[in-house]
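Here are a few friendly notes to read with the model open beside you. Take the points one by one and find each residue as you go.

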Amino acid sequence: MRRTSFANWPCSIARTMDLLGDWWTPLVLREAFYGIKRFDAFQQELGIARNTLTDRLRRLVDEGLLEKRAYQSEPVRYDYVLTEKGRDFFGVLAVMNSWGNRWLSGDEGAPVVFEHDRCGHEARAEVVCGHCKEPMSAADTHPRLGPGYPARLAERPDIRDRFNR
């Protein structure tokens, strides 16, 4: 069954979900952040079918989050290395990890925590305003139309009502 593409929706969340598309893609990225670089290591750590992993790695390379670097020539074998675009995804995974640790951990506690190298303390990701550096929450933040929102949609009354406060 073919899924609906969100790649051209006027929403960065929808476009990101179009890229992620399934539960395997963020997990492949997680393993890349944990230091996994080779196909067989991804496959072993995730228990993912080889054809599924091939598809996910190809998509991440095509989208510029991972880069293939040959480490062997006969036969050619590759490391999959995070690019700048891929490394920039860390914040998304860190926030997902923090949310999961808070709301989905059992009595035994969080399965994985992050330690901040600079201060040596356990770190919990937090969303802060890039301008004033204050924490952001749904209660004190609202969406508004950005410059890339299609003008033909922005003229609709329901859209104006949704985004104008």
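1. Start just after H2, where Gly35 takes a positive phi of about 105 degrees. Helices here are DSSP runs of H or I with at least four residues, strands are runs of E with at least two, and both are numbered from the N terminus. Please keep in mind that this is a predicted model, in which local features need pLDDT of at least 70 and side-chain atom pairs count only at pLDDT 80 or more, while totals for chains, interfaces and linings use all residues. Residues are numbered from 1 along each chain as its sequence is written, and side-chain values use heavy atoms, with hydrogens and water left out.

2. Now step back into helix H2 itself, residues 24-33. Thr25, Pro26, Val28, Leu29, Glu31 and Ala32 are buried there (under 20% relative accessible area with a 1.4 Å probe, protein chains only). These buried residues pack against the helices H1 (12-20), H3 (39-46), H4 (50-62) and H6 (90-103), and against the strands S1 (66-73) and S2 (76-82).

3. Which residues touch the most other members of the largest nonpolar core? They are Val28, Leu29, Phe42, Leu53, Leu57 and Leu66, out of 19 residues. H1, H2, H3, H4 and S2 each give two or more residues to this core. A nonpolar core is a set of buried Ala, Val, Leu, Ile, Met, Phe, Trp, Tyr and Cys residues joined through side-chain atoms within 4.5 Å.

4. Leaving aside neighbours within four places in sequence, Leu66 is in contact (heavy atoms within 4.5 Å) with Ala32, Leu57, Leu60, Val61, Tyr80, Val81, Leu82 and Thr83.

5. A second, separate core has five residues, among them Tyr149, Leu153, Ala154 and Phe163.

6. Next, the pockets. A pocket is an open set of points on a 1 Å grid where a 1.4 Å probe fits, with protein on both sides within 12 Å along at least five of seven lines; lining residues have an atom within 4 Å of a point. The largest pocket is lined by 14 residues, and Cys11, Ser12, Ile13, Pro143 and Arg144 lie nearest its centre. H1 gives the most to this lining, with three residues.

7. In the second largest pocket, 17 residues form the lining, and Leu27, Arg30, Leu93, Met96 and Asn97 lie nearest the centre. H6 supplies the largest share of that lining, six residues, and H2 supplies at least two.

Conventions:
Buried means under 20% relative accessible area, exposed over 50%, partly exposed in between (1.4 Å probe, protein chains only).
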